Amino acid sequence: MTKAPAPAIRISGLNKWYGNFHVLKDINLTVAQGERIVIAGPSGSGKSTLIRCINRLEAHEAGVITVEGVELTSDTKNISRIRSEVGMCFQQFNLFPHMTILENCILAPMSVRKAWRSEAIDTAMHYLERVRIADQANKYPGQLSGGQQQRVAIARSLCMKPRIMLFDEPTSALDPEMIKEVLETMVGLAQDGMTMLCVTHEMGFARQVADRVIFMDRGQIIEENAPEPFFSAPQNDRTKLFLSQIFGH
């Protein structure tokens with residue numbers, strides 16, 4: 001019998017506080033290789049904090065987080081190892097304004113992975129092509145629309161060849177017509193089998209792409225299910241209220 005692959009991410013008994021505020025309470029979550037998870041919930045429910053803990057942008061006070069078999073502790077070597085496997089895309093694009101799109105994309109592979117410049121450029125052009133923006137490679141971020149900049153931010157993360165992608169409300173700062181192009185890029189990644197955790201209010205995307213939808217409220221996972229039962233037959237009253245507010249019924 002072949003051994004099942006280790007989970008991409010395993011979180012057990014995760015707790016986090018900001019001072020006296022208990023922001024994450026006893027979170028348990030296992031994410032399989034190639035699984036696509038959408039995390040939904042009201043503002044302040046701990047969604048963004050949860051995914052920021054996965055690559056140690058936030059330190060957790062209790063519990064265990066294991067990413068690709070490596071436990072996430074304060075050990076900087078482990079943190080670097082995990083960050084090299086985990087790409088992250090934020091609401092803000094965080095592109096360097098004084099560098100071209102191409103320079104933004106080759107910086108980390110050259111400095112962190114010690115890639116040759118020619119190799120880094122080949123990789124960058126491949127992923128810029130992948131997000132349909134290769135023709136903008138020599139422009140600066142300020143010359144691009146918000147949707148284009150977010151696609152560049154995704155490409156830049158992919159240039160590190162991560163095994164897992166974390167998205168923290170990547171479309172919330174965008175105009176409606178730009179949201180579609182970013183979501184299409186993310187759908188393409190999902191179809192490629194990338195392990196993804198995505199905090200988003202885009203429920204259409206959740207229906208289309210997610211293997212599981214997780215609903216958080218007040219620092220806890222309240223409900224989780226496959227998209228169809230999650231949307232059509234939510235179990236928890238908080239989930240029902242949240243969905244009724246989104247869909248207006």
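Helix α2 (residues 76-85) lies across β6 and β7 and runs at about 65° to β6, where helices (H or I, at least four residues) and strands (E, at least two) are DSSP runs numbered from the N terminus. Axes are lines fitted to C-alpha atoms, for helices over the stretch in contact, and angles run from 0 to 180 degrees between N-to-C directions. This is a predicted model, in which local features need pLDDT of at least 70 and side-chain atom pairs count only at pLDDT 80 or more, while totals for chains, interfaces and linings use all residues. Residues are numbered from 1 along each chain as its sequence is written, and side-chain values use heavy atoms, with hydrogens and water left out.

**Sheet**
- An open sheet of six strands has the order β6-β7-β8-β3-β9-β10 with mixed pairing, two strands being paired if DSSP finds at least two bridges between them.
- Its edge strands are β6 and β10 (220-225), each of which pairs on one side only, and the twist averages 20° from one strand to the next.
- Strand β3 (residues 36-40) runs parallel to strand β8 (residues 195-199), joined by four bridges, and Ile39 stands opposite Val199 in β8.

**Helix α5**
- Helix α5 (residues 146-158) packs on the sheet and touches β6 and β7, its direction making about 170° with that of β6; contact means heavy atoms within 4.5 Å.

**Strand β6**
- Strand β6 pairs with strand β7 (residues 164-168) in the parallel sense over four bridges, and Cys89 stands opposite Phe167 in β7.
- In β6 (residues 86-89), Val86 and Met88 on one side and Gly87 and Cys89 on the other are all buried, that is, under 20% relative accessible area with a 1.4 Å probe and protein chains only.

Key
Buried < 20%, exposed > 50% of the residue type's maximum accessible area, 1.4 Å probe, protein only.
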